[in-house]
Amino acid sequence: MLRLKCISDKFGSRLTLIQLRTFLTAKFPELDEFPKSIKSYDDLHKYSIENSDHFWGTLAKNRLDWFKPFNKVNNGAKFGDLENYNSQWFLDGKLNVSVNCVDRHYQKNPNKVALLWEKDEPGFHESVTYEQLYKMMNKMANLLKSCGVQKGDRVAFYMPTCSMTVACMMACARIGALHSVVFAGFSSESLASRINDANCKIVITANQAIRGGKIINLKKTVDEAIKLYPSVKNVLVYKRTENKFEFNAEKDIVIDEVLDQFSSECQPEIMDANDPLFMLYTSGSTGKPKGLVHAQAGYILQSAFSHQIAFNFEKDDVFGCLADVGWITGHTYIVYAPLCNGGTTVLFESSPIYPNPSRYWETIQRLKINQLYIAPTSIRLLIKNGDEWLKKYDLSSLKLLGSVGEPINHEAWHWYDEVVGQKRCKIIDTWWQTETGSLMIAPLPCGKNDQIKPAMAMRPFFGIDAVLLDEKGNEKEPKNTEGILCIKKPWPSMARTIYGDHQRFINTYLRPYPGYYFTGDGSHVDNDRHFQITGRVDDVINVSGHRIGTAEVEDVLDESHHISESAVVGFPHDTLGEGIFAFVTLRNDADFNEEQVVKELKALVKSKIAGYAVPHYFLFVSNLPKTRSGKIMRRVLRNIASNKFDEMGDTSTLFDPSLIDEITAKYKKLKGVN
């Protein structure tokens, strides 16, 4: 008989054995295949790390449909093997991800709603059943094949968040092509660079997107991009609106006009477990974005498992991840994980404040959303607009609130808990990255009486061996300390490489601290060994969940004939989490009007990268603070941009220490501070 005595694990949670099994057994029937000695979350977490093959192998056998079973769970890759690192999972297994996400649910329950497309138009949504998605997917797969797309080819997307985008993603998985979804806010030049890097011959786009009542001409941006990369063979255009667009008879195919000519059946490609599934670009600390490649079985297994456990997801829930499908959050928790779990997932096309700040709340009431997963930026924006916008709506369907994209501040967390969740919903602050594939640290699972700490991601998920390192790479005792967050062992859903440049993958993630995966984030661990993410430790800024490499912005600024040199840093922003501050020096012969130069620089960044990468402030300085070896001391600039004038630290290595006073004075004048 199960004992009811509470067992306190080393993470400070109080889970009885019966609580643990009550919470997990419905979603985790594999629990019975693990030792009966497991009596707490910590026991199970420890087992998942020390017995990785049995843990993940048991899940993979039970949760995925295979054409051919795998014969080995893990190839034993080590992060410290910088010469030969190549992590492999579920070796020799054969499957198809689209079968796991669509076919098996279509066969069991064809009329169940798979997608709820919440369109930009207020009060209107479109439902897509698993049967409808199955047919859309197969028709789209056959259309792609007619364009010559084969297994291993890359297909670029520049699409709004809509049901056709999901069908196209599944169609690529169906035939073994890699989709490379580019956020439909990037400039034509950024899009072109990603098309070029992946050598995409096909681009899928829409004539237009609609967001916040505004028309965005996606096809026009694609046309500009392929002028820079003319080897694109076809552009497949979905008509999101009835508005006309420029049609190129040599390359363009209007999806709406031809799709029904294709069969609604398409034999799924038999894929190896380690074949690439998709690639997704993310900014880095160097100027060139990284095309991260995720593999088939490991990604879909861990994504679906984390979705079910961490979000307390049940098969009849409506899951509301209100991100854009163009980011990893959208890939994993809008598309792949909810569909693999046979759920109903929301595609939110609009803005949280269109036509007014009640948009989320009206949508939750109408669609009866059970889990809400949004960014702290959205939460802070809604706080600013006041509580009255949600008071008239019934939010009783909500049972869990999630936060993603950046660390959530305490004010936002408590408002989320008290006003939105009415103190009856679990709140989970999740930490993860494009590189990790699925969430890595989150409060759940936990028992009924287990306390979640405000603004903390808290617990490493199953299979995640998280540690803190000091700057020399030594592990720190994970109790009441801060350090650099690293991971000790590979996990199934992690990216396998950077497309076309595996050495860059090694240099970026494994070489900084040999033997560990370097996350680029810092973390605090409290006395209960719960993790709280403190932010980036490298040169990446997180603006509203968009990761922006400082070097990427600097490269663009330095293209201006006015600019001699630039340094871009992040600073705390009440709404966006982080803002972008640019320190620039002008060429000696520059004849300029400061206001006009700023206007030109903003336009340049917007055209080369995207609107969200435009610096919020520009400060013209005579020189940048550099060490005697010529390296810009960014720490000093970050402190100035963050009003931390008394925290400059050791500046003895600066070539010209007097610059600090000059730059600080100019900053104070710009910001109007004393």
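Biologist: What distance separates the centres of domain 1 and domain 2, taken over C-alpha atoms?

Modeller: The centres are 34 Å apart. Domain 1 covers 94–459 and domain 2 covers 544–671. Those bounds come from an automatic or database domain assignment. The contact takes 23 residues from domain 1 and 22 residues from domain 2, where contact means heavy atoms within 4.5 Å. A caution on sources: this is a predicted model, where local features need pLDDT of at least 70, side-chain atom pairs count only at pLDDT 80 or more, and totals for chains, interfaces and linings use all residues. Residues are numbered from 1 along each chain as its sequence is written, and side-chain values use heavy atoms, with hydrogens and water left out.

Biologist: How is the area buried between domain 1 and domain 2 to be read?

Modeller: Interface size is often given as the accessible area lost when the parts come together. Here about 1,600 Å² is buried between domain 1 and domain 2. That is accessible area (1.4 Å probe) lost on being put together, summed over both parts. Carbon and sulfur atoms give 44% of this area.

Biologist: Which residue forms a salt bridge with lysine 608?

Modeller: Side chains of opposite charge can pair when their charged atoms come close. The rule asks for a side-chain nitrogen of Lys or Arg within 4 Å of a carboxyl oxygen of Asp or Glu. Lysine 608 pairs with glutamate 189, with the closest N and O atoms 2.9 Å apart. Across the interface of domain 1 and domain 2, the rule finds one salt bridge.

Biologist: How many salt bridges does the structure hold?

Modeller: It holds 30. One of them joins arginine 240 and glutamate 121, at 3.2 Å from N to O. Arginine 240 lies in the loop between strand 13 (234–238) and strand 14 (252–254), and glutamate 121 in the loop between strand 6 (113–118) and strand 7 (125–129), so the pair ties together parts 119 residues apart in sequence. Strands (E, at least two residues) and helices (H or I, at least four) are DSSP runs, numbered from the N terminus.

Biologist: Where is the cis peptide bond?

Modeller: It joins tyrosine 354 and proline 355, with omega about 0 degrees. Proline 355 sits in the loop between strand 19 (344–348) and helix 12 (359–367).

Biologist: What is the phi of aspartate 92?

Modeller: Aspartate 92 has a positive phi of about 70 degrees, although it is not a glycine. Its place is in the loop between strand 4 (89–91) and strand 5 (94–95).

Definitions and conventions:
Buried area = accessible area lost by both parts, 1.4 Å probe.
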